[in-house]
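The entries below record what I looked up, in order.

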Amino acid sequence: MVLNMVLVPLFDKLMNERGLTSEIIIDKVFAWPLMSEKNKPFVELGIKKFFDGDYVSSIHILVPQFESTLRRMFAAAGYATTSIKKSTAQHEETFNEFLNRDDIKEALGERIHKLIQMVMVDQMGINLRNKVAHGLITFEQCTKGLNLLVIYLFLLLTNYSVVKEENNASE
C-alpha cells in the first residue's frame, strides 16, 4: 500500500516533471565502483523493461540481479559468500543465510539490512526473491510499485563502499 501511495507517485513525478529516465538510473548504478561488470547488461535490461512498462520481465530480471549484485559487492570487499557444509564441500550460502550473518548486518546497517531482508527473503515480508526464484509470484504481483522497490534497493546500494575491518588492520 505504501508503494502505491508514496513510491509510485514520487517516481511518476520524477519521471514526468523532472525528466527521470532509464539512462539516468542506469548511469547512477553503473557509476558505483562496486557494480560488477557481469551484472551490468542484466541490470540495464531490467531497468529498461521497467521503463517500457514490462513489469513482469523487469521483476524477473532485477530480483536475481539484486541478489547477485549484493553478493558481489561483499565479495569485492573481501567478505566470504560461501560456507563449508558437513560434507566439506564449499557451497554458496542461501540468500537468507547470507543476510543473517552478523558481518553482513553490521556492514549494511540495521535499517537497510531489515529493508532488504523484508523485501527479499522474509516470509512475513514480501519474500520477493523466493517468489521469483521458485515461480511463486503471480502475474498480478509484478507491479510498477514492486519493481520500483527493487530499483530503489539498487540505488541504495550505490551509497556503499564496503571495506571489511580486518582488511583495514593490515594496511
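**Conventions.** I worked on a predicted model, in which local features need pLDDT of at least 70 and side-chain atom pairs count only at pLDDT 80 or more, while totals for chains, interfaces and linings use all residues. I number residues from 1 along each chain as its sequence is written, and side-chain values use heavy atoms, with hydrogens and water left out.

**Salt bridges.** I looked up how many salt bridges the structure holds. I found eight, a salt bridge being a side-chain nitrogen of Lys or Arg within 4 Å of a carboxyl oxygen of Asp or Glu.

I took up K144 and D12, whose side chains meet in a salt bridge at 2.4 Å, N to O. This pair links distant parts of the chain, with K144 in helix α9 (residues 144-157) and D12 in helix α1 (residues 2-18), 132 residues apart. I use helices as DSSP runs (H or I, at least four residues; strands are E, at least two), numbered from the N terminus. K144 is partly exposed at 22% relative accessibility, and D12 is partly exposed at 22%. For these classes, buried means under 20% relative accessible area, exposed over 50%, and partly exposed in between (1.4 Å probe, protein chains only).

I next noted E17 and K13, a salt bridge whose closest N and O atoms are 3.8 Å apart. Both residues belong to helix α1, where their spacing of four residues separates them by about one helical turn. E17 is exposed at 56% relative accessibility, whereas K13 is partly exposed at 47%.

I then looked up R71 and E67: buried or exposed? R71 is buried, and so is E67. Their salt bridge has its closest N and O atoms 3.0 Å apart. The two residues lie four apart in helix α4 (residues 55-76), again about one helical turn. I recorded that a network of salt bridges links E67, R71 and R129. R71 also lies over the face of F98, at 5.3 Å from the ring centre; the criterion is NZ of Lys or CZ of Arg within 6 Å of the ring centre and within 35 degrees of the ring normal.

**Aromatic rings.** I counted five aromatic pairs in the structure. Rings of Phe, Tyr and Trp (its six-membered ring) pair if their centres lie within 6.5 Å; planes under 30 degrees apart count as stacked, over 60 as edge-to-face and the rest as tilted. F50 is buried at 2% relative accessible area, and F51 is partly exposed at 25%.

F66 is buried at 0% relative accessibility, and F154 is buried at 2%. I also noted that ring pairs link F50, F51 and Y55 into a cluster.

**Helix α2.** Which residues of helix α2 (residues 22-30) are buried? I listed S22, I25, I26 and V29. Seen down the axis of α2, these buried residues fall within an arc of 100°, so they line one face of the helix. The arc is that of the directions from the helix axis to the C-beta atoms. Their cover includes α1, α3 (40-51) and α9, contact meaning heavy atoms within 4.5 Å.
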